Amino acid sequence: MSHFISTVILWTGAFFVGYFIIVNTLLMMFLIVSFFAVWRYRRAVRLAGNVTDLPPVTIIIPTFNEAPEIEKVLRALLCQDYPQLDIIIVDDGSTDRTLEVLKEKFALERTHVHVEAHIPTQSIKHFYRSRTYPNILVAAKANGGKYDALNCGINLTRSPIFANMDADTILDGQAVRRMASAFVRDQRVVAAGSHVLVGNGCRLEDCGYRPELPKSFILMVQVVEYMWAFVAERIGWAAFNGLVIISGAFAMFRKDRVLEVGGYQGRTLSEDMDLVVTLHEYHLSKRIPYKIVYVPDAFAFTEAPARLRDLARQRIRWFQGLIACLTIHGKMFFNPVYEGVGAFFFPYLLLFKLLGPIIEVVAYIFTIYFYFQGILGVNYAYLFFTIALAYGTFLS
């Protein structure tokens, strides 16, 4: 074997081992930071006590062909322990019985609503309000996509704070109160993310889900994955005000700041991430003090894909959305104007979220090749595999 090939093999192996060490060191760091961040959060909540001066909040639910789930979601939402809560369902041109189910189950009647069109959207055909629950408003509009439905809901919102929520999300009974309290405790908060859990297999009770483990292996793997992503990574990111991903399953925002950046944009498949990054970019470029926080005890249960085909489609959509966001906001990379978001969190997303799966697959291929070529020692391979498996298990 030539000296050149030996050098290439040596440096290739060193790269993969180094990448493994860096990734897992960062994950451990986030986990430690998250522990102390949750401890500080619990202490702050305990010292502040129950927040009584809560602002009005509006929940926006964009729907498209959600007839099987919409009643269950709304019933749970009506159980929220919150004094001033409005609910806006934006039916984005559904072709199933979503609107009919809403009419039957919630006694909707036609009404007129004045719309302040801060953000251009597709036309609204009809408005309906529930006779049984006057805080429920339904807007039936022409199809324009999820981002357009969310913008329509923002135009209809009259409260200073709004939350967007997926039409298959079930909220814990205290979720809205805990999220809104974050805005009261710190006036700098412009956005807040919730703790999203896998709802498949959980038992539906009167006002939310009772957490239980699903029986499907695919779903169980996602339970661990969701817990890791939210408990470790996102709490750790938020501790440095670097939370760049807030799940669209349930998130809360200051309306005035969202309007200042133009609302949701239709330029990516991850409109929620795009909005959060835009808020970072806006506040940092204008030197406006702000915080984007994570609320670890505001629980939202979402339906995770139960089939490999659906899981693959979801992850491809997330992957494409990440590429688009990093491309659109590419000027933030290593730009001192954007502080830690541009200097650390954007490179982190690129190297470990976007390129990570590619590097891992290439590493597997090289490992197999080196093994069959007799370059990789069997004892070394077994030792490294054992360490990697044990360390990953320990972190999870």
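Both Trp237 and Phe345 are buried, where buried means under 20% relative accessible area, exposed means over 50% and partly exposed lies in between (1.4 Å probe, protein chains only). Before we follow this pair, note that the model is predicted: local features need pLDDT of at least 70, side-chain atom pairs count only at pLDDT 80 or more, and totals for chains, interfaces and linings use all residues. Residues are numbered from 1 along each chain as its sequence is written, and side-chain values use heavy atoms, with hydrogens and water left out.

**Rings that meet**

The rings of Trp237 and Phe345 have centres 6.3 Å apart and planes at 65°, so this pair is edge-to-face. Rings of Phe, Tyr and Trp (its six-membered ring) pair if their centres lie within 6.5 Å; planes under 30 degrees apart count as stacked, over 60 as edge-to-face and the rest as tilted. The two partners come from distant parts of the chain: Trp237 belongs to helix H6 (residues 217-239) and Phe345 to helix H10 (residues 339-354), 108 residues apart. Helices (H or I, at least four residues) and strands (E, at least two) are DSSP runs, numbered from the N terminus. Across the whole structure, a search finds 22 aromatic pairs. Trp237 and Phe345 also belong to one aromatic cluster, whose members include Phe15, Tyr19, Phe30 and Tyr369.

A charge can meet a ring too. Arg234 lies over the face of Phe230, at 4.4 Å from the ring centre; the rule asks for NZ of Lys or CZ of Arg within 6 Å of the ring centre and within 35 degrees of the ring normal.

**The sheet**

Now for the strands. An open sheet of 10 strands has the order S3-S4-S5-S2-S1-S6-S11-S8-S12-S7, with mixed pairing. Strand S3 (108-111) and strand S7 (170-171) stand at the edges with a single partner strand each, so one side of each has no neighbour in the sheet. Two strands pair if DSSP finds at least two bridges between them.

| Strands | Sense | Bridges | Residues opposite each other |
|---|---|---|---|
| S1 and S2 | parallel | 7 bridges | Pro62 and Val90 |
| S1 and S6 | parallel | 4 bridges | Val57 and Ile161 |
| S4 and S5 | antiparallel | 5 bridges | Ile124 and Lys141 |

How does the chain get from S1 to S2? The path crosses through helix H2 (residues 70-77), and this β-α-β crossover is right-handed. Right-handed means that, with the strands pointing away from the viewer, the path from the first strand over the helix to the second runs clockwise.

S1 is mostly covered, with 7 of its 7 residues buried. In a regular strand the side chains alternate between the two faces of the sheet. In S1, Val57, Ile59, Ile61 and Thr63 point one way, while Thr58, Ile60 and Pro62 point the other way.

Most residues other than glycine have a negative phi. Asn241 has a positive phi, near 55°, and sits in the loop between H6 and strand S11 (250-254). Glu339 has a positive phi near 50° and is found in helix H10. Glu339 is partly exposed, with a relative accessible area of 45%.
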